[in-house]
Amino acid sequence: PSRSARAPAAPVAAPAAPRGEPPVQLIEPIRLGGEAAQGDARMVIDGFRLALLASLVRFRAWRVADGDRVGADGAPPADGPSFRVRADAHARSGALMLVLTILDDASGFFLWSDNVSLTFDTWMEAQSRLIRQVTIARNISVSADRLRRIAQAPDLAPSLYDLWLRGQRMILDFNPDAWEEAGSLFRQVIDGAPGFAPAYSSLAQLGNTAHVARPGWMRSAAYHRETLEIAQQAVALDPLDSRAQLALGWSLAYCGRWEQAELNFESALQLNSHDPWTMTSVAQAWAFAGRFEEAMRLARAAQESTPLPNQTRWFLCQDYAGAREAARTAGDSHANNGMWRAAALAHMGETEAAAEEARACLATVTSRWRGPREANRRDVTRWLLHMFPIRREPDWQRLRDGLAAGGMPVDGASFGDVL
């Protein structure tokens with residue numbers, strides 16, 4: 001099958017929203033009660049609201065507005081769906097209680113709520129964590145609500161934004177059978193809104209993970225060059241979109257151009273340092289690049305909000321016990337997870353357990369194989385060894401040696417031979 005994910009050529013244009021308009025996020029003034037309206041408490045709360053506005057505006061697939069300035073009567077915008085972030089603050093005995101909610105303007109339903117009690121001494125430290133929780137809730141709760149409504153109303157034609165959202169959900173579900181459909185959705189969005197940068201970055205994300213999601217799809221320089229062109233279009237359209245920078249960073253890394261890739265990863269982090277997805281993705285990149293201390297520091301910060309297992313990062317950073325436990329927690333949601341369990345156990349000296357995991361991994365990958373020919377142990381091992389853009393040969397050799405100790409046929413495999 002064709003592996004091309006090429007998007008139509010994009011004209012040079014300012015960032016644009018697809019028809020149907022992305023949602024507006026209205027940040028309302030924080031309602032104050034008790035001692036919160038006075039002195040230092042008021043100053044801290046006003047600072048939090050400004051920080052929240054500054055954080056949310058960095059998500060380029062959304063439009064963010066000051067809820068106190070949109071319409072004289074406070075009515076929501078008429079050109080697309082809108083959601084309100086509301087907050088109530090109360091201060092008593094030196095502690096602040098902040099209650100945050102996300103409200104759908106159209107239905108009046110509350111989609112998410114949380115509260116936190118903070119002291120003035122710990123407020124600045126906790127502010128970043130609280131903003132990350134709001135951004136996660138915004139991404140998950142609001143997106144899930146929109147997808148649910150589309151599913152419940154099949155006669156309602158989805159906007160281009162909703163098509164993009166549906167494609168994003170397919171990527172996150174990591175269902176290999178949906179990869180072609182997701183690509184088709186992103187291309188539909190690009191056809192209808194050629195200036196909408198997130199559609200290009202999503203198409204590049206799809207290309208960067210196609211071989212991971214579909215066992216048997218081998219990497220090739222030509223395929224990675226096609227994906228790189230799409231990622232470059234995304235950044236050309238909106239260089240301030242952190243996910244476009246991420247897509248370009250990964251595309252460059254897969255092409256072996258790590259010095260350039262590092263600049264894009266650093267840009268992504270600078271543009272959206274409160275986004276756990278950005279933090280997690282850059283932490284993964286630093287692990288592949290051999291920047292282990294930075295990878296672990298960033299990963300720990302992201303895990304405060306999104307405690308997701310990541311056996312790859314633990315293994316590359318030489319925490320084999322951590323890699324084993326993370327891979328066990330992850331199960332076989334991704335076909336390559338067993339590789340990290342086997343290699344980690346081998347480096348821990350548990351040879352029999354490593355061999356058992358290696359056999360199980362080979363069976364799992366074989367059962368999900370989508371390569372052009374029938375799976376065999378050597379091809380499965382080659383697919384596993386060359387799946388990721390590991391920058392340094394000693395790090396790749398640690399993975400190869402771990403798989404060899406588990407009994408996988410690694411002879412003939414060499415570092416970088418995919419490219």
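Q: How does E325 count by relative accessibility?
A: Buried means under 20% relative accessible area and exposed over 50%, with partly exposed in between (1.4 Å probe, protein chains only). E325 has a relative accessibility of 38%, so E325 counts as partly exposed.

Q: Which residue forms a salt bridge with E325?
A: This is a predicted model in which local features need pLDDT of at least 70, side-chain atom pairs count only at pLDDT 80 or more, and totals for chains, interfaces and linings use all residues. Residues are numbered from 1 along each chain as its sequence is written, and side-chain values use heavy atoms, with hydrogens and water left out. A salt bridge is a side-chain nitrogen of Lys or Arg within 4 Å of a carboxyl oxygen of Asp or Glu. With closest N and O atoms 3.4 Å apart, the partner of E325 is R328.

Q: Why are E325 and R328 separated by about one helical turn?
A: Helices (H or I, at least four residues) and strands (E, at least two) are DSSP runs, numbered from the N terminus. E325 and R328 both lie in helix α12 (residues 320–330). They are separated by about one helical turn because their spacing in that helix is three residues.

Q: Is R341 buried or exposed?
A: R341 meets E357 in a salt bridge (3.1 Å, N to O). E357 lies in helix α14 (residues 351–367) and R341 in helix α13 (residues 337–347), so the pair ties together parts 16 residues apart in sequence. At 7% relative accessibility, R341 counts as buried.
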